[in-house]
Amino acid sequence: MLPGTSSVVNAKSISKNGGKCTYRSLVRINENSQNSKSSVSCESLMLDDISISDTIPTNDIRTDKVEFSHEAKIGKISDKTIFYLMSRGLSEEDAKAMIIRGFAHPIAKELPVEYAVEMNNLINLELDGAIG
């Protein structure tokens, strides 16, 4: 990184049917990168009890004059959230689909429209069980 610059890394994954996700990274801030900022965030949504997600960051910070943060979150769809959405008239499947789409939305909104449409189509296929 150059002095006074910033970086943001946001990684998201969704795993089901025993899926495995591994996030590996290297963030290096050299001695000459004073007054720089870097933020790394990893979020994983697990759709079953047999999927696995690992975060293996390497953070090589070579100066004290920076702001650096790393955060990792791994979670499942909450039964309370499903219950709440179902109490508002959604089926269980629609409630889960809404949560998954909400999790993926920050990525989709940054993509060109064509790619966002394809990503949403893939999510729909997975939710319908049409793919593995």
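Trainee: Which residues does Lys73 touch, not counting residues up to four places away in sequence?

Mentor: First, the ground rules: this is a predicted model, where local features need pLDDT of at least 70, side-chain atom pairs count only at pLDDT 80 or more, and totals for chains, interfaces and linings use all residues. Residues are numbered from 1 along each chain as its sequence is written, and side-chain values use heavy atoms, with hydrogens and water left out. Lys73 is found in strand 5; strands (E, at least two residues) and helices (H or I, at least four) are DSSP runs numbered from the N terminus. Contact means heavy atoms within 4.5 Å, and with residues up to four places away set aside, Lys73 touches Cys42, Glu43 and Ser44.

Trainee: Does Lys73 count as buried, partly exposed or exposed, and at what relative accessibility?

Mentor: Use the cut-offs: buried is under 20% relative accessible area, exposed is over 50%, and partly exposed lies in between, with a 1.4 Å probe and protein chains only. Lys73 falls in that middle range, so it is partly exposed, at 41%.

Trainee: What distance separates the C-alpha atoms of Glu71 and Thr55?

Mentor: Start with Glu71, which is also a residue of strand 5. Glu71 touches Val40, Ser41 and Cys42, leaving out residues up to four places away in sequence. Thr55 is 16 residues from Glu71 along the chain, and their C-alpha atoms are separated by 9.8 Å.

Trainee: How many bridges pair strand 3 and strand 5?

Mentor: Take two positions as a guide. Ser36 stands opposite Val66 in strand 5, and Ser39 has Ser69 of strand 5 as its bridge partner. Strand 3 (residues 36-46) and strand 5 run in the parallel sense, and their bridges number 11.

Trainee: How many bridges join strand 1 to strand 3?

Mentor: Ser13 gives one example, with Ser44 of strand 3 as its bridge partner. Strand 1 and strand 3 run parallel, and the bridges that join them number 10.

Trainee: How many residues of strand 3 are buried?

Mentor: Strand 3 is mostly covered. Out of its 11 residues, the buried ones number eight.

Trainee: Is Ser15 buried or exposed?

Mentor: Ser15 has its place in strand 1. Beyond its neighbours within four places in sequence, it is in contact with several residues, including Cys21, Leu45 and Ile52. Its relative accessibility is 6%, so Ser15 counts as buried.

Trainee: What is the phi of Asn35, about?

Mentor: Most residues other than glycine have a negative phi. Asn35 has its place in the loop between strand 2 and strand 3, and at 62% relative accessibility it counts as exposed. Although Asn35 is not a glycine, its phi is positive, at about 65°.

Trainee: How far apart are the axes of helix 2 and helix 3?

Mentor: Two packed helices are described by the angle between their axes and the distance between the axes. Axes are lines fitted to C-alpha atoms, for helices over the stretch in contact, and angles run from 0 to 180 degrees between N-to-C directions. Helix 2 and helix 3 (residues 113-127) pack at an angle of about 155°, and their axes are apart by 11 Å.

Trainee: Are helix 2 and helix 3 roughly parallel or roughly antiparallel to each other?

Mentor: Angles under 35 degrees count as roughly parallel, over 145 as roughly antiparallel, 65 to 115 as roughly perpendicular and the rest as oblique. The angle here is about 155°. Helix 2 and helix 3 are therefore roughly antiparallel.

Terms used: Two strands pair if DSSP finds at least two bridges between them.
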